[in-house]
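Please open the model in a viewer and keep the selection panel at hand. The tour begins with one pair of elements and then turns to the chain as a whole.

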Amino acid sequence: MSVHSEIEWTDATWNPVRGCTKISPGCKHCYAQTFAERFRGVKGHPYEQGFDLRLIPEKLLEPLSWRSSKLVFVNSMSDLFQPGVPDAYVEATSRVMITANWHTYQVLTKRSERLHELLSQKLQFAAMQQHIWWGVSVENKKHGLPRIDDLRRAPAAVRFLSVEPLLEDLGELDLSGIHWVIVGGESGPGARPIQKEWVISIRNQCREQGVPFFFKQWGGVRKKTAGRLLQGRTYDEYPSRVVREIPERSRCVEFAEKLSQHFRALLFANKLVRFPLST
Ligand code: SF4
């Protein structure tokens, strides 16, 4: 986990899965891949295997040990709903979110069909929780708009869009059933340009349809210079968050032990782990 994430719209990241495969133009300059591949072959490094998909069960219980309430970006270095992550593992990750409910979780995917399918069936127990926000990435019309429809059809208490990197004008958007929109331009070497009009159009539609709007960045090769002002101001809006008391440390240890037993049975039965989970 990274307690102080540099991502503008979250506090912390939690990665019980590492690695992913590219599926659409938004993945072209995937920061997670660039980071992970730097460490391929470095003995003992968490990314020794580069960006290859790996389940990290020893990370599953991590949020239970955090003693302050955080906004947590789930799998910032991966995509929980990619085909290589078994249903049982997605379920285990969701069980932790249900138990450590003093945090708010942001689960973002490009695999919206599977998100829809699991929230409608195996993840029903987690779908309608106010402290778990389910989101899809939207980089363009062709790939992004169908994801919005999948998300809208999924049962979920809080749904959000990460419109980043924004690659073209998205035109008219149906934001019904959507509770938050983040917009950002691509950053880093080779960043594809964003246009002000595209961002203003989304902001205006959020205003008209009563959806909180967060403008992350203009991006570009020097993203700090480009900043994040839109027409002279920042936009840092969020959906409302549930505030819950953090249980005593001893209670959290009990929760972790109980979950650990459940996961051993669940994950061993599915042949997903070869070693015990630490509490
Ligand atoms: S889905 Fe996300 S994590 Fe996976 S390759 Fe694309 S940008 Fe990277």
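At what angle do helix H2 and helix H8 pack, and how far apart are their axes? Select residues 87-99 for H2 and residues 249-269 for H8 in this predicted model. The two helices pack at an angle of about 170 degrees, and their axes lie 11 Å apart. Because angles over 145 degrees count as roughly antiparallel, H2 is roughly antiparallel to H8.

Next, display the side chains where the two helices meet. On the H2 side, select Ala88, Tyr89, Glu91, Ala92, Arg95, Val96 and Thr99. Their counterparts in H8 are Phe255, Leu259, His262, Phe263, Leu266 and Leu267. Colouring this contact by residue class gives nine nonpolar, two polar and two charged residues.

Orient the C-alpha trace along its principal axes: the spans are about 55 × 40 × 30 Å. The radius of gyration is 19 Å, which agrees with the value near 19 Å for a compact globule of 279 residues.

Colour the chain by burial next: 52% of the 279 residues count as buried. Then switch to the surface, where the chain exposes about 12,900 Å². Carbon and sulfur atoms supply 51% of that area.

Among contacts with a separation of 6 or more, 74% join residues 24 or more positions apart.

Note on methods
Residues are numbered from 1 along each chain as its sequence is written. This is a predicted model: local features need pLDDT of at least 70, side-chain atom pairs count only at pLDDT 80 or more; totals for chains, interfaces and linings use all residues. Side-chain values use heavy atoms; hydrogens and water are left out. Axes are lines fitted to C-alpha atoms, for helices over the stretch in contact, and angles run from 0 to 180 degrees between N-to-C directions. Helices (H or I, at least four residues) and strands (E, at least two) are DSSP runs, numbered from the N terminus. Angles under 35 degrees count as roughly parallel, over 145 as roughly antiparallel, 65 to 115 as roughly perpendicular and the rest as oblique. Contact means heavy atoms within 4.5 Å. Ala, Val, Leu, Ile, Met, Phe, Trp, Tyr, Cys and Pro count as nonpolar, Asp, Glu, Lys and Arg as charged, and the others, Gly among them, as polar. The radius of gyration is taken over C-alpha atoms; the globule rule is 2.2 Å times the number of residues to the power 0.38. Buried means under 20% relative accessible area, exposed over 50%, partly exposed in between (1.4 Å probe, protein chains only). Accessible areas come from the Shrake-Rupley method with a 1.4 Å probe; for residues, only the protein chains shown count as cover.
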